[in-house]
Amino acid sequence: MEPLGWIHTQPTETHQLSPFAAVQHSKLLVDNANWDTDASVVATCSFTTGSCSLSVYKLTTQGFEWGKQHQDTSV
């Protein structure tokens, strides 16, 4: 089996990947060398009144580098 990414739930739809999710995805890619950076995605599930919205995002090379640089090392 090959991991495809992860699911991030959020209370509202933002129409873009949050900085938190970009940093988390970058961390997952760094920590799991077996994940394909070109094929791994973040799926967001946003809960709105009476429904939910699904979106899928893939980090660009620049987004991946930004996420690696902005990881909170104090945790």
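This is a predicted model: local features need pLDDT of at least 70, side-chain atom pairs count only at pLDDT 80 or more; totals for chains, interfaces and linings use all residues.
**View 1. The largest nonpolar core.** Ten residues form this core: Trp6, Leu17, Ala21, Ala22, Leu29, Trp35, Val42, Tyr57, Leu59 and Phe64. Helix H1, which covers residues 19-31, supplies the largest share of the core, three residues. In soluble globular proteins, nonpolar side chains tend to be buried together.

**View 2. The surroundings of tryptophan 6.** Trp6 is one of the ten residues of the largest nonpolar core. Apart from residues up to four places away in sequence, tryptophan 6 touches Ala21, Gln24, His25, Leu28, Trp35, Val41, Val42 and Ala43. Among the members of the core are Ala21, Trp35 and Val42.

**View 3. The packing of helices H1 and H2.** Helix H2 spans residues 61-69, and its axis lies 8 Å from that of H1, at an angle of about 90 degrees. H1 is therefore roughly perpendicular to H2, since angles of 65 to 115 degrees count as such. On the H1 side, the contact is made by Pro19, Ala22, Val23, Ser26, Leu29 and Val30. H2 contributes Gly63, Phe64, Trp66, Gly67 and Lys68. Of the residues in this contact, seven are nonpolar, three polar and one charged.

**View 4. Serine 46 in strand S2.** Strand S2 runs over residues 41-48 and includes serine 46. Serine 46 has a relative accessibility of 1% and so counts as buried, the limit being under 20%. Its side chain is joined to that of glutamine 10 by a polar contact of 3.0 Å. With neighbours within four places in sequence left aside, serine 46 is in contact with Gln10, Thr12, Glu13, Ser51, Cys52 and Ser53.

Notes. Residues are numbered from 1 along each chain as its sequence is written. Side-chain values use heavy atoms; hydrogens and water are left out. A nonpolar core is a set of buried Ala, Val, Leu, Ile, Met, Phe, Trp, Tyr and Cys residues joined through side-chain atoms within 4.5 Å. Buried means under 20% relative accessible area, exposed over 50%, partly exposed in between (1.4 Å probe, protein chains only). Helices (H or I, at least four residues) and strands (E, at least two) are DSSP runs, numbered from the N terminus. Contact means heavy atoms within 4.5 Å. Axes are lines fitted to C-alpha atoms, for helices over the stretch in contact, and angles run from 0 to 180 degrees between N-to-C directions. Angles under 35 degrees count as roughly parallel, over 145 as roughly antiparallel, 65 to 115 as roughly perpendicular and the rest as oblique. Ala, Val, Leu, Ile, Met, Phe, Trp, Tyr, Cys and Pro count as nonpolar, Asp, Glu, Lys and Arg as charged, and the others, Gly among them, as polar. A polar contact is a pair of N or O atoms within 3.5 Å; within protein, one must be able to donate a hydrogen and the other to accept it, and residues adjacent in sequence count only if both atoms are side-chain atoms.
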